[in-house]
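Biologist: Can you take me through this one? I would like to go over strands first, then rings.

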Amino acid sequence: MSKSKWSKFDNEINELIQSIDNNTKVAQMLLKTSESAKESDKVDLLRTYVKRFRNRKSDFKFETETKTNDYKPKQTIFTAVSPNGGIMNIETYCKHYGLDFDKVRSFKLVSHTGIPFYNIAFYEEQTENHLNIDFDSIFKNKVFPVKYESNYFGINNALFDRLVYTDVHIGMNCNPDGFSLYGGVWNEEILNERLAEMVQFTLDKKQSNELHIHELGDFMDGWDGETVRKGHELPQNMDNQEAFDAGFNFKVKLIESLAPFYDVIICVNICDDNHAGSFGYVVNQAFKSFIELRYPHKVKVINQRKFINHYQVHNRTFILTHGKDGKNLKFGFKPILDTKQIEKVNNYIDEHYLRTKESIIEFCKGDSHQDIFDCSTSQTFEYLNFPAFSPSSNWVQTNFKKGKSGFYVFNYYEKTKTIHPFTFEWKN
C-alpha cells in the first residue's frame with residue numbers, strides 16, 4: 001500500500017500531538033501558515049491526516065478478521081450498556097471507547113453473549129487514502145480559470161450574492177444556412193467569451209462571501225439534433241460529444257474562476273426542461289461529481305429533477321423552474337402573469353407552507369428568453385423571467401425579434417436586494 005504524501009511529517013506529528021489537542025493547529029504549524037482549514041485545502045487535508053494519525057496511536061486495540069474487518073472486544077469493558085443502564089447508540093459507543101465513528105462502514109449489536117457489544121466493520125486504509133490525494137496536481141492541467149482583472153470586491157456586507165443564468169443552448173446553430181434575419185454566432189469560442197464576462201461582472205458586484213448560482217435549464221440545446229421530446233429537429237453545430245465537453249468545461253471553469261473569492265458556493269441546476277432533458281442532467285451530474293471532489297468543503301451542487309422546487313436561503317425563498325418541462329406541458333409558464341398562473345404558483349406555495357411574515361418569495365423561470373420582472377401583480381410572490389444566455393435562434397429571429405441575451409447578479413440584505421443586469425453584445 002502506497003504511503004500518504006503527509007507521512008513525511010509522521011515524526012513531527014508524533015511529537016506535536018503529545019502537547020497539542022487541536023488537529024488544525026498541528027497542521028498549521030507543520031505547514032507554517034495561519035490559514036484555517038476553510039481557507040486552505042492543504043491545511044484541511046493535513047488536519048484530517050493528523051486526526052487519523054492520532055486515532056492510530058490510540059491505546060484501544062481491536063482484532064480484525066481478514067474478510068469482514070470486524071472486531072470483537074478482548075475485555076468486557078467493551079460493553080454497549082451505558083452507565084444509566086440503557087444501550088448506547090453506535091455514535092455514543094464509538095465516542096465512549098475512542099473509536100472513529102467516521103470510519104464505521106457497518107455495525108451490528110451483538111447481545112447473545114450476555115454482555116452486549118457492537119460488532120463493527122471499519123473502512124480499510126486503502127479506501128481512506130483518497131482523502132489525502134493531492135487534487136491540485138491532478139486537476140491543474142484540466143481547468144483554466146478566467147483571470148479576474150480587478151482587486152475590488154466590495155465591503156462584503158450582504159447576506160449572500162446570487163448569480164442567475166438560463167437557456168445557454170450549447171450546440172445551437174443560430175444561423176444554419178447563413179440567411180437568418182439577424183445572423184449571429186454561437187460556438188464554443190463565443191460561449192467562453194461570455195463566460196469570462198459573467199465571471200468578471202459577478203466579482204465586480206461581489207458583496208458577500210456566499211454565492212448561490214441558479215442555472216434555470218435548457219443548458220444543452222438537445223441530443224442528436226432534437227429536443228428532449230423528440231420530433232422537433234434543431235440546427236446544431238456540435239455533435240453530442242463536442243457539446244458535452246463544451247458544457248462540462250463551462251461549468252467547471254465557472255466554479256474554478258469564482259472559488260478563490262468565496263467561502264461557500266451553492267449551485268442549483270434545473271434538469272427538467274424542454275431542450276436539454278437527460279443530456280443536461282448527465283452534464284450536470286458529471287460536473288457535480290468532479291467539482292464536489294475538487295472543493296469538498298466549499299462547493300455544493302444540487303441537480304433539480306423536479307419541474308418546480310424551492311430553496312430557502314436566509315429569509316428568501318426561491319421557487320425555481322425552467323418554465324416548461326420535458327414531457328407534460330405543451331404550453332409552459334407565460335412571461336406575463338395571468339390568473340391561472342397566479343393560482344398555480346399560490347397552490348404550490350400553500351402546499352409547501354411557504355407563506356411566512358419573514359420570508360420573501362421569488363418565482364424564477366427561464367424558457368421565454370425574455371427579461372421581465374413582475375414584483376406587483378401578485379401580493380405573495382415576485383415573478384421573474386430571466387433572459388437567455390445564448391443569442392436568439394433562427395426560429396426566434398424569424399417568429400419574433402432579434403432579442404437580447406444576458407444574466408443577472410443580485411446582492412441580498414436583510415430587507416432589500418440590489419439587482420445588476422448584464423446584456424451581451426450581439427456578434428455576427
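**Strands and rings**

Modeller: This is a predicted model. Six of the six residues of strand S8 (residues 316-321) are buried, so S8 is largely enclosed by the rest of the structure.

Biologist: Which residues of S8 are on one side and which on the other?

Modeller: Arg316, Phe318 and Leu320 are on one side, with Thr317, Ile319 and Thr321 on the other; all are buried, and both faces of S8 are covered. In a regular strand, side chains alternate between the two faces of the sheet.

Biologist: How many bridges join S7 to S8?

Modeller: Six, and strand S7 (residues 308-313) runs antiparallel to S8. Gln312 has Thr317 in S8 as its bridge partner. The hairpin of S7 and S8 has two residues between the strands, and His314 there takes a positive phi near 55°.

Biologist: And S8 with S9, parallel or antiparallel?

Modeller: Parallel, with five bridges between S8 and strand S9 (residues 360-365). Leu320 stands opposite Cys364 in S9.

Biologist: Next topic. What is the strand order in the six-stranded open sheet?

Modeller: The order is S6-S5-S4-S3-S12-S13, with mixed pairing. Strand S6 (299-304) and strand S13 (417-423) are at the edges; each has a single partner strand, so one side of each is left without a neighbour in the sheet. From one strand to the next, the twist averages 15°.

Biologist: How do S5 and S6 run, parallel or antiparallel?

Modeller: They run parallel, and six bridges join strand S5 (residues 264-270) to S6. Cys267 stands opposite Val301 in S6.

Biologist: Which strands does helix H8 touch?

Modeller: Helix H8 (residues 240-258) packs on the sheet and touches S3, S4, S5 and S6. The direction of H8 makes about 165° with that of S4.

Biologist: And which strands does H7 lie across?

Modeller: Helix H7 (residues 188-204) lies across strand S3 (160-165), strand S4 (210-215), strand S12 (406-412) and S13. H7 runs at about 20° to S12.

Biologist: On to the rings. How many aromatic pairs are there in the whole structure?

Modeller: A search finds 30. One of them is Phe201 with Phe407, an edge-to-face pair at 5.7 Å centre to centre with 75° between the planes. Phe201 lies in helix H7 and Phe407 in strand S12, so the pair ties together parts that are 206 residues apart in sequence.

Biologist: Is Phe201 buried or exposed? What about Phe407, buried or exposed?

Modeller: Phe201 is buried at 13% relative accessible area. Phe407 is also buried, with 1% relative accessibility.

Biologist: What kind of pair do Phe386 and Tyr408 make?

Modeller: The ring centres of Phe386 and Tyr408 are 5.7 Å apart and the planes are at 80°, so the pair is edge-to-face. It links distant parts of the chain, 22 residues apart: Phe386 is in the loop between strand S11 (381-385) and helix H11 (394-399), and Tyr408 is in strand S12. Phe386 counts as buried at 1% relative accessibility, and Tyr408 does at 7%.

Biologist: Which residues do ring pairs link into a cluster?

Modeller: Tyr165, Trp186, Phe201, Phe219, Phe250, Phe389, Phe407, Phe422 and Phe424.

Biologist: Last one, charges over rings. Where does Arg162 lie?

Modeller: Over the face of Phe410, 5.3 Å from the ring centre. There is also Lys206, with its charged end over the ring of Tyr262, 5.0 Å from the centre.

Methods:
Residues are numbered from 1 along each chain as its sequence is written. This is a predicted model: local features need pLDDT of at least 70, side-chain atom pairs count only at pLDDT 80 or more; totals for chains, interfaces and linings use all residues. Side-chain values use heavy atoms; hydrogens and water are left out. Two strands pair if DSSP finds at least two bridges between them. Helices (H or I, at least four residues) and strands (E, at least two) are DSSP runs, numbered from the N terminus. Axes are lines fitted to C-alpha atoms, for helices over the stretch in contact, and angles run from 0 to 180 degrees between N-to-C directions. Contact means heavy atoms within 4.5 Å. Rings of Phe, Tyr and Trp (its six-membered ring) pair if their centres lie within 6.5 Å; planes under 30 degrees apart count as stacked, over 60 as edge-to-face and the rest as tilted. Buried means under 20% relative accessible area, exposed over 50%, partly exposed in between (1.4 Å probe, protein chains only). A charge sits over a ring if NZ of Lys or CZ of Arg is within 6 Å of the ring centre and within 35 degrees of the ring normal.
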